[in-house]
Amino acid sequence: MLARFLLAGDMLNAATLTRLFSLHVFWFPEIMFGLFGLHVFLVLRNGISEPKVPGCKVNPQIYKQEYQARVARDGVPFWPDAAWRDTVFGSALILLMVFLAWKIGAPALGQPSDPSIVQADPKPDWYLTGTSRSWRCGPTALPIS
């Protein structure tokens, strides 16, 4: 059932490409951001878990009070201190990527297709060579329609 869902049918076809594109562009990022949001919510609600100290018993009834007292004494709270640091660092990385995309730009893809050429030896562009070679390691006959 999973293979049929991912292939969007019984064979590898154009609907498969559309299905995988929508999964990678829409669904996986939404799921990731949802899990990140859940993680941040749980960190803010429960605090950061810490490794157990050998020989030290943990009392679940008073653990939260002990944890909050320890954070107040010698810790840095996640909000707003650590969250601010993460926001500044993440923004700096995004600005760096935008700057590099603006300054360097995308690589040239080559000449446009010529429909008058009937005989051709199709080869993938340089950035798809690894993917193309990995497909050759799979089954010998892929049902492509």
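Helices here are DSSP runs of H or I with at least four residues, numbered from the N terminus. With that in hand, welcome to a short tour of this predicted model.

**The largest pocket**

Helix α3, residues 63-74, gives the largest share of the lining of the largest pocket, namely 4 residues. The volume of this pocket is about 320 Å³. Its lining counts 16 residues, and E50, P51, V58, Y63 and R70 are the ones nearest the centre. Sorted by class, the lining of the largest pocket holds 7 nonpolar, 4 polar and 5 charged residues.

**The second largest pocket**

The second largest pocket comes to about 250 Å³ in volume. It is lined by 14 residues, with V43, G47, Y67, P77 and F78 closest to its centre. Three helices, α2 (14-46), α3 and α4, each contribute at least two residues to the lining of this second pocket. Its residues divide into 9 nonpolar, 3 polar and 2 charged.

**Helix α4 and what comes after**

How many residues does helix α4 have? Helix α4 covers residues 78-103, which is 26 residues. From its first C-alpha to its last, α4 reaches 35 Å, close to the 38 Å expected at 1.5 Å a residue. As a reminder about such helices, residues three or four places apart point the same way, because an α-helix has 3.6 residues a turn. After α4 comes G105, with a positive phi near 80 degrees.

T16 is a residue of helix α2. Is T16 buried or exposed? T16 counts as buried because its relative accessibility is 3%, and buried means under 20%. The T16 side chain comes to 2.4 Å from the backbone oxygen of L7. Leaving aside residues up to four places away in sequence, T16 touches L6, L7, A8 and M11.

A8, one of those contacts of T16, deserves a look of its own. A8 sits in the loop between α1 (2-7) and α2. Although A8 is not a glycine, its phi is positive, at about 60 degrees. A8 has 23% relative accessibility, so it counts as partly exposed, a class that lies between the 20% and 50% limits.

P60 belongs to the loop between α2 and α3. P60 is exposed because its relative accessible area is 64%, and exposed means over 50%. V71 is a residue of helix α3, and with a relative accessible area of 24% V71 is partly exposed. D125 has its place in the loop between α4 and α5 (129-136). A relative accessible area of 32% makes D125 partly exposed too.

| Pair | Separation in sequence | C-alpha to C-alpha distance |
|---|---|---|
| P60 and E50 | 10 residues | 14 Å |
| V71 and I117 | 46 residues | 71 Å |
| D125 and P29 | 96 residues | 26 Å |

V71 and I117 are 46 residues apart in sequence and lie 71 Å apart in space. D125 and P29 are separated by 96 residues along the sequence, with 26 Å between their C-alpha atoms.

Technical notes
Residues are numbered from 1 along each chain as its sequence is written. This is a predicted model: local features need pLDDT of at least 70, side-chain atom pairs count only at pLDDT 80 or more; totals for chains, interfaces and linings use all residues. Side-chain values use heavy atoms; hydrogens and water are left out. The expected span of a helix is 1.5 Å times one less than its number of residues. On a 1 Å grid over the protein atoms alone, a cavity is a set of points where a 1.4 Å probe fits but cannot get out, and a pocket is an open set with protein on both sides within 12 Å along at least five of seven lines; lining residues have an atom within 4 Å of a point. Grid points are joined across faces, edges and corners, and a volume is the space filled by probe spheres set on the points. Ala, Val, Leu, Ile, Met, Phe, Trp, Tyr, Cys and Pro count as nonpolar, Asp, Glu, Lys and Arg as charged, and the others, Gly among them, as polar. Buried means under 20% relative accessible area, exposed over 50%, partly exposed in between (1.4 Å probe, protein chains only). A polar contact is a pair of N or O atoms within 3.5 Å; within protein, one must be able to donate a hydrogen and the other to accept it, and residues adjacent in sequence count only if both atoms are side-chain atoms. Contact means heavy atoms within 4.5 Å.
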